[in-house]
Each structure stands twice: as structure tokens, then as C-alpha cells.
Amino acid sequence: QVQLVESGGGLVQAGGSLRLSCAASGRILSIYTMGWYRQAPGNQRGLVATITAGGTRNLAASVKGRFTISRDNAKNTVFLQMDSLKPEDTAVYYCHAGVQEELAGPVNIHWGQGTQVTVSS
């Protein structure tokens, strides 16, 4: 029942910025960690950034100092502000969330469909 919908991807020149959003909807009791992963052609899907419900952030070394992850718990939304973009940031970016859907229930992992980010040089 839970759905994650990403938005904000697109084409940008190197050095530019994009802001990705991911909104969770459906049966949601609590959302724990939310985050972003990315996958470029020929590569494995890798961690970009995560943020816990308490606001603890974890960023991949390759994006530290350039990307910022944040969340709006009232709107069940996570954001990824991407600045100083490089061609190597080009990938499909996937939203990720751990969601508790009912009392005493498990935390279920959900993935968005992905949004393309292309950085030209």
C-alpha cells in the first residue's frame, strides 16, 4: 500500500544544482530511515545519503560537501539537494524508506521508481 514517488530529476550542466524530492503515501504509521541510492549503467546500486527519523545523516564520501539530505516528517517527504554536480553523478536516483505500516508490525523497506539525473560537461 505504501508508495514512494520521486521528482526533481533532469539534465543539468556540471557545476549546477538539482533538488530531488520523494513523498511517501499510503498506509504509514511511522517512517524510520529514509534515503537515496543511485545506479549508473554497468554499476551496482550504491548509497548516496540516508537520514534517520531523529535526523542523523549518512552521506557517501563522494558526495560529502556537495549534497545535503533532509526530511519533512509532517509531509513524509525526503529531499536531496545536489550542488556542484559532476558528470560522474549521472545516474538513476532511487528513494528508499523503512516504513512501519501497523501497530506491532514490521518495518518494511520500500523503493521508489527512480528519477534520472544527467550531468553534462
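Guide: The model is predicted, so local features need pLDDT of at least 70 and side-chain atom pairs pLDDT 80 or more, while totals for chains, interfaces and linings use all residues. Numbering starts from 1 along each chain as its sequence is written, and side-chain values use heavy atoms, with hydrogens and water left out.

Visitor: What makes the pair of Gln-116 and Thr-118 side chains a polar contact?

Guide: The two side chains come to 3.3 Å. A polar contact is a pair of N or O atoms within 3.5 Å; within protein, one must be able to donate a hydrogen and the other to accept it, and residues adjacent in sequence count only if both atoms are side-chain atoms.

Visitor: Why is Gln-116 called partly exposed?

Guide: Its relative accessible area is 39%. Buried means under 20%, exposed over 50%, and partly exposed in between (1.4 Å probe, protein chains only). So Gln-116 is partly exposed at 39%.

Visitor: Which residues does Gln-116 contact, leaving aside neighbours within four places in sequence?

Guide: Gly-9, Gly-10, Thr-90, Ala-91 and Val-92. Contact means heavy atoms within 4.5 Å.

Visitor: How do you know that β1 and β3 pair?

Guide: They share 5 bridges, in the antiparallel sense. Two strands pair if DSSP finds at least two bridges between them, so β1 and β3 qualify. Strands here are DSSP runs (E, at least two residues).

Visitor: What makes β1 and β7 edge strands?

Guide: The open sheet runs β1-β3-β8-β7. β1 and β7 each have a single partner strand, so one side of each is left without a neighbour in the sheet.

Note on methods:
Helices (H or I, at least four residues) and strands (E, at least two) are DSSP runs, numbered from the N terminus.
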